[in-house]
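Here is a note for a colleague opening this model. Please look at the structure first, then go through the points below.

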Amino acid sequence: MRPVHGWRPATIVGTARETASANSIRLAVADWAGHVAGQHIDVRLTADDGYQATRSFSLSSAPGEAPQITVERLDDGEVSPYLVDIATDGDALEVRGPVGGYFVWQPGDDAPLLLVAGGSGIAPMRAIWRAARPHGTPVRLVYSARTADRVIFADELRSPDGPETTVHLTRERAAGFEYGRLRADQLSALLSSGGVREPRLLVYVCGPTAFVEDAARELTDAGLDADLLRTERFGVGGPK
Amino acid sequence: MVTRGFTGRPQRTEGAVPPGQYVTSDFPVLTAGGTQQLPTRAWELVVTDGTTERTYAWASLHDLGVVDLTTDIHCVTHWSKLGTTWQGVPVAAVLEDAGMADEPYALATSYGGYTTNVLVEDLVDHDAIVAVGYEGGPIPAEHGGPVRLLVPHLYLWKSAKWLRGIRVMPEDELGFWENAGYHHRGDPFLEQRYYGD
């Protein structure tokens, strides 16, 4: 095990507006030694008067690419409104990491992947599908968003380089999208390919707490071995 | 280093919580894997030192005496929740009743396979309880009910949900998150988040 690097200065070197409420932020981090797909970093912001706030964000870039986070604004948030609406090239912040050895994907295992994402839970999935693609690992993505204009990485998901994707919209009907929350039978069907159960399928689920709780329960109820399931929950707003 | 354009909330919480934490009134769920659905009548706790083993069920655990505990809790993902109330049996009482040998290390195990290592000192010299109630009611399944460990002075990943076993032993044995890059002890006031902190 390698100690996690301490706080390091970082500079914002690029931002990309993903949706009206989500932003990707590319960072230049001193002595960045790379990361593993699925890992996160801690980000620390410091106000003029010395006040600091720290949050964790999944990396949305693949290993070998510059570290990038993708953040959705929480209206009552303290850090996300800055990162989504104010952050711009040249701004300075601090980061720790990369961190995490559980919700990760590394080359070597050629098992096919099923990625199940809710909202900005798509961020670490992007790191995983971009990492897996050069190895020829089959990747399926099922992604739940509220509305079509809240779909993050929409262009990449439509491109031939993206994973095999189904997007479910929970708040509106639109052409090219499934409507309604992801149902148990739909999740169960994703465990098979051509009607045949895929015994080695590795499943990653990331999103808001309730989304992950439901999807993980439905997948294990459908017979998925718990050892083949990796989950990451985020966000405040879970059960009180 | 100042981050241009960042001001923070008007209502600041520094001083009230360990470094790097913010206060939430929610109770986020963090679990490796899925929630275990475990009926109280099926729940058992096995306490062992490798020689002696003792098994507790819901009633025999309660017989050791349930206490109330009001405490702050701190998650390594940066949220803290203040003034939570719990009911449970002090771990010290369980280890004593089970007649455990005096060993320095413990490994807590969960239904579902989760593990975490804790110093016995952190279990017996602090407010650690085998928790059976939260805010006056049962502990919800997603928060580790019916019975979870609660070691409130350490980051919450040490407070194993769906507690199934406590093993005391002469050597330290790392648990799930400790093997995945997290700190071996996890004191939030020393900000022991990751391995090497």
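1. Which residue in E5(A) is the bridge partner of A:Ile25? The partner is A:Ile69. E2(A) and E5(A) run antiparallel and are joined by five bridges. Strands here are DSSP runs of E with at least two residues, helices are runs of H or I with at least four, and both are numbered from the N terminus. Two strands pair if DSSP finds at least two bridges between them.

2. A word on the basis. This is a predicted model, in which local features need pLDDT of at least 70 and side-chain atom pairs count only at pLDDT 80 or more, while totals for chains, interfaces and linings use all residues; side-chain values use heavy atoms, without hydrogens and water. Residues are numbered from 1 along each chain as its sequence is written, with chains lettered from A and ligands numbered from 1 in the order in which they are written.

3. Chain A overall. Chain A holds five helices and 14 strands. Its radius of gyration is 18 Å, close to the 18 Å of the globule rule for 240 residues, so chain A is as compact as a globular protein of that length. The radius is taken over C-alpha atoms, and the rule is 2.2 Å times the number of residues to the power 0.38. The C-alpha trace spans about 60 × 40 × 40 Å along its principal axes.

4. The antiparallel sheet. Six strands of chain A form an open sheet in the order E4-E3-E6-E1-E2-E5, with antiparallel pairing. Strands E4 (52-58) and E5 (68-72) are the edges, and each pairs on one side only. From one strand to the next, the twist averages 40°. Angles run from 0 to 180 degrees between N-to-C directions, with axes fitted to C-alpha atoms, for helices over the stretch in contact.

5. E1 (residues 8-19) and E2 (residues 22-29) of chain A pair antiparallel over eight bridges. A:Thr19 has A:Ala22 as its bridge partner in E2(A).

6. Buried means under 20% relative accessible area, exposed over 50%, and partly exposed in between (1.4 Å probe, protein chains only). A:Gln68, A:Thr70 and A:Glu72 are on one side, with A:Ile69 and A:Val71 on the other.

7. The parallel sheet. A second open sheet of six strands in chain A has the order E10-E9-E8-E7-E13-E14, with parallel pairing. E10 (178-179) and E14 (229-234) each have a single partner strand, so one side of each is left without a neighbour in the sheet. E7 (residues 113-118) and E8 (residues 139-145) of chain A pair in parallel over six bridges. A:Gly118 stands opposite A:Ser144 in E8(A).

8. Helices on this sheet. Helix H2 (residues 122-132) of chain A lies across E7, E8 and E13, at about 155° to E7(A). Helix H5 (residues 209-221) of chain A lies across E7, E8, E13 and E14, at about 155° to E13(A). Contact means heavy atoms within 4.5 Å.

9. Aromatic rings. The whole structure has 13 aromatic pairs over all chains. One is A:Tyr82 with B:Phe6, edge-to-face at 6.2 Å centre to centre and 75° between the planes. This pair crosses between chains. Rings of Phe, Tyr and Trp (its six-membered ring) pair with centres within 6.5 Å; planes under 30 degrees apart are stacked, over 60 edge-to-face, and the rest tilted. A:Tyr82 is buried at 2% relative accessibility, and B:Phe6 is buried at 3%.
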